[in-house]
Amino acid sequence: MGMVWRINSTYMDVSDCTPGSAVATLHCTLVLTILIMLWIGSVMGADFFFQDWLGWMLVFGFVIFPTLTIAFLVFANPREPVRFNRQRREVCVPKEKGGDYWYVPWETVKASVEGFNMVSQAGVNKNGSLMVGFPNPNFNGEVKLGGNGFSTNEDAERHLWFPNVVPEVGAGMWELIRTYMEDGPDKLTVHTDMFEMKNKSIFASYIEDIQYGIEKRGLAKGLLWEGVCGLFLFNLPLVDYIERKHLNPPPDLKGEKVQQWSKSLPKEQWARRSPELELAIQAREAELARQSAA
């Protein structure tokens, strides 16, 4: 999903800023919408989209707006990541507007996975989101909660939000973060090579993706998916350009304080779990043992 930008034995950088994935999704929607609108225009006449207010709304909502959003994502700079330090059991959180960092105790971080189903004649479509909240440890003002249970005051809480994921994927993304903080990177398989500096041209990378698709899926499916769909439906060369422009390498946290905070500590100086968490883990493990025995 491109959520993990850096990972090592000391810290892991996580971000909900994935402009490449957003552009691929928007471009796919835009192309399919244009094809459908061309079909409608051939049946009802092209004037349908320009003589009625509903037609203008369809053009703006499904053609103009996605196009402007793609153009914005090409030039918009991504935000700094949230850094999870497992040795200190703290999270360094950049403020929403930048310029400052919070150092949030890991055990105060909260997560919410939401899901819903849409039923149609085509079947059931599952959708949802993952939201991770980081309360400001130095905030003493009024806290107003939104409908999702998270604070709407940016000085009180900062969020990571991953929309358009099914609940199982959202729960898996949170489990990745939790596993890293509690068990370490050795328990995970995370690929961050997409954020490394690339020496090949965009065209050479695109041809390499096609070759990988052919090896994985066979000649016909590889050419169809990575080749035709990758170029015309998802515009992978544009996605590659955006990732090279903004995320090779991705933004880093700035300042001497956060750099010192990010350095590795001797094992005897690592922070330990709180007694409350240890009791909760023991109770949960005992419950799972009873369930497996039954």
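**Close-up views of a predicted model**

**View 1. Lys267 sits in a loop between helix H8 (256-261) and helix H9 (275-293).** Helices (H or I, at least four residues) and strands (E, at least two) are DSSP runs, numbered from the N terminus. Lys267 is exposed, with a relative accessible area of 54%; exposed means over 50%, buried under 20%, and partly exposed in between (1.4 Å probe, protein chains only). Pro137 is 130 residues from Lys267 along the chain, and their C-alpha atoms are separated by 26 Å.

The model is predicted, so local features need pLDDT of at least 70 and side-chain atom pairs count only at pLDDT 80 or more, while totals for chains, interfaces and linings use all residues. Residues are numbered from 1 along each chain as its sequence is written, and side-chain values use heavy atoms, without hydrogens and water.

**View 2. Five strands form an open sheet in the order S1-S2-S3-S4-S5, with antiparallel pairing.** S1 (4-7) and S5 are at the edges with a single partner strand each, so one side of each has no neighbour in the sheet. Two strands pair if DSSP finds at least two bridges between them.

**View 3. Strand S4 (residues 90-94) runs antiparallel to S5, joined by 5 bridges.** Cys92 stands opposite Tyr103, and Pro94 has Tyr101 as its bridge partner. Of the 5 residues in S5 (residues 101-105), 4 are buried.

**View 4. Helix H7 covers residues 236-247.** Buried residues in H7 include Val239, Ile242 and Leu247.

How values were computed:
The expected span of a helix is 1.5 Å times one less than its number of residues.
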